[in-house]
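Thank you for making the time this morning.

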Amino acid sequence: MITELQSKLEHLKAYLKDRLLIAEYILENKNDLDELISICLSTEDKNNHKACWVLEFVSYKKLNWLQPYLDFLCKNLKDLTDESAMRPIAKIIQLLVFSHFKKTKNNIFLSEENLQDIIETSFDWLINDTKVATKAYSIRTLYVLGNQYDWIHPELQIILSKDYANHSAAYKAVAREVLKKIK
């Protein structure tokens, strides 16, 4: 039997207003968050990328709702292969890392294992043939993580400097921004 959420995702188009509508549905029906996250990370589900689009917008409003799912989310990051799923998840990961290291009120706690999974996946997304938005979120995430792990900034600097000439203007802008901060 198809659930209401599955039906909504099945009919979802990429339009911003449509993604926002389903995100509002989740915000009003928190019990469906389990299913949404499960679909996001279920690579065999043809709508997993659509679930990721929705989860991104839910994260903007209720990032702390993800806390109970962080182990599952971080452990399964590396399995994502669909570019349309990777971009919103990379953004969510960036939001989680920024929140974890925020000096003020911290809503998110990432375990050491979560952080290691994020580091590994972010470097993979950066060095593999992924689209620029996923790479840009990964670069910014790794920059923040590099403030805690002293080996990350030198590695990031090498990758960004080596790959700089082969990428788009958007990639170069983020790379320049981060390289300037690292130096």
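This is a predicted model: local features need pLDDT of at least 70, side-chain atom pairs count only at pLDDT 80 or more; totals for chains, interfaces and linings use all residues.

**Helices and what they pack against**

Let me begin with helix α10, residues 169-182, whose 14 residues should span 20 Å at 1.5 Å a residue, and whose end C-alpha atoms do lie 20 Å apart, in agreement with that expectation. The expected span here is 1.5 Å times one less than the number of residues, and helices are DSSP runs (H or I, at least four residues), as strands are (E, at least two), numbered from the N terminus.

Residues are numbered from 1 along each chain as its sequence is written, and side-chain values use heavy atoms, with hydrogens and water left out.

Which residues of α10 are buried? They are Y171, V174, A175, V178, L179 and I182, where buried means under 20% relative accessible area, exposed means over 50%, and partly exposed is in between, with a 1.4 Å probe and protein chains only. As background, an α-helix has 3.6 residues a turn, so residues three or four places apart point the same way. On the face of α10 turned away from its buried side we find the exposed residues A169 and K180. A170, also in α10, counts as partly exposed at 44% relative accessibility, and its C-alpha atom is separated by 21 Å from that of E155, which is 15 residues away along the chain.

What covers the buried residues of α10? The cover includes α7 (112-127), α8 and α9, and contact, in this talk, means heavy atoms within 4.5 Å.

Turning to α7, we have a helix of 16 residues that reaches 23 Å from its first C-alpha to its last, close to the 22 Å expected at 1.5 Å a residue. Its buried residues are N114, L115, D117, I118, I119, T121, S122, F123, W125 and L126, and they pack against α5 (70-76), α6 (83-100), α8, α9 and α10.

Two of those partners, α8 and α9, also form a pair of their own. The axes of α8 (residues 132-146) and α9 (residues 152-163) come within 8 Å and cross at roughly 150 degrees. That crossing makes α8 roughly antiparallel to α9, since angles over 145 degrees count as roughly antiparallel, under 35 as roughly parallel, 65 to 115 as roughly perpendicular and the rest as oblique. The axes are lines fitted to C-alpha atoms, for helices over the stretch in contact, and the angles run from 0 to 180 degrees between N-to-C directions. At this contact, I139, L142, Y143, L145 and G146 of α8 meet I152, H153, L156 and L160 of α9. The residues involved divide into seven nonpolar, two polar and no charged, with Ala, Val, Leu, Ile, Met, Phe, Trp, Tyr, Cys and Pro counted as nonpolar, Asp, Glu, Lys and Arg as charged, and the others, Gly among them, as polar.

Finally, I would like to look at two residues of another helix. S59 lies in helix α4, residues 48-62, and is buried, with a relative accessible area of 3%; leaving out residues up to four places away in sequence, S59 touches L66, I92 and L95. Apart from its neighbours within four places in sequence, V58 is in contact with A23, I26, L27, L33, L63 and W65.
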